[in-house]
Amino acid sequence: MANYLVQWDNTLLLTAYDQNRTFVLTADGEQLLIRERLKDVLSRFAQVNLIYP
């Protein structure tokens, strides 16, 4: 999957699958591989949800 919008209500788990992919376990039990680094997925999630360090 190229782009999956990680949100509070649809995601149970995010973890690095390898260097360039992220594993996602959704609230519905789906297991997805995103072709994006975990760091980038988390950065986009923070921006969308207005989370700042």
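A: One term to begin with: buried means under 20% relative accessible area, exposed over 50%, and partly exposed in between, with a 1.4 Å probe and protein chains only.

Q: What kind of model is it, and how are residues numbered?
A: This is a predicted model, in which local features need pLDDT of at least 70, side-chain atom pairs count only at pLDDT 80 or more, and totals for chains, interfaces and linings use all residues. Residues are numbered from 1 along each chain as its sequence is written, and side-chain values use heavy atoms, with hydrogens and water left out.

Q: What share of the residues is buried?
A: Buried residues are 26% of the 53.

Q: Which residues make up the largest nonpolar core?
A: There are seven: Tyr4, Val6, Val24, Leu32, Ile34, Val41 and Phe45. A nonpolar core here is a set of buried Ala, Val, Leu, Ile, Met, Phe, Trp, Tyr and Cys residues joined through side-chain atoms within 4.5 Å.

Q: Which elements each supply at least two residues of this core?
A: β3 (31-34) and α1 (38-48) do.

Q: What does Tyr4 touch?
A: Leaving out residues up to four places away in sequence, Tyr4 touches Asn10, Thr11, Val24, Thr26, Leu32, Ile34 and Arg44. Contact means heavy atoms within 4.5 Å.

Q: Thr26 is on that list. Where is Thr26?
A: Thr26 sits in strand β2 (residues 21-26).

Q: Buried or exposed?
A: Thr26 counts as buried, because its relative accessibility is 2%. Beyond four places in sequence, its contacts are Tyr4, Asn10, Thr11, Leu12 and Leu32.

Q: How far is Thr26 from Leu12?
A: The two are 14 residues apart in sequence and 5.4 Å apart in space, C-alpha to C-alpha. Leu12 belongs to strand β1 (residues 11-18). Leu12 is exposed, with a relative accessible area of 62%. With residues up to four places away not counted, Leu12 touches Leu25, Thr26 and Ala27.

Q: Back to β2. What about Thr22?
A: Thr22 is also placed in strand β2. Thr22 has a relative accessible area of 0%, so it is buried. Outside four places in sequence, it touches residues including Leu14, Tyr17, Leu32, Ile34, Arg37 and Val41.

Q: Switching topic: what is the phi of Leu50?
A: Phi of Leu50 is near 55°, a positive value in a residue other than glycine. Most residues other than glycine have a negative phi. Leu50 lies in the segment after α1, and it counts as exposed at 61% relative accessibility.

Q: Last one: how many charged side chains?
A: There are 5 positive and 6 negative side chains, and the centres of the two sets lie 10 Å apart. Lys and Arg count as positive and Asp and Glu as negative, while His and the chain ends are not counted. Each charge is placed at NZ of Lys, CZ of Arg, CG of Asp or CD of Glu.

Note on methods. Helix = DSSP H or I, 4+ residues; strand = E, 2+ residues; numbered from the N terminus.
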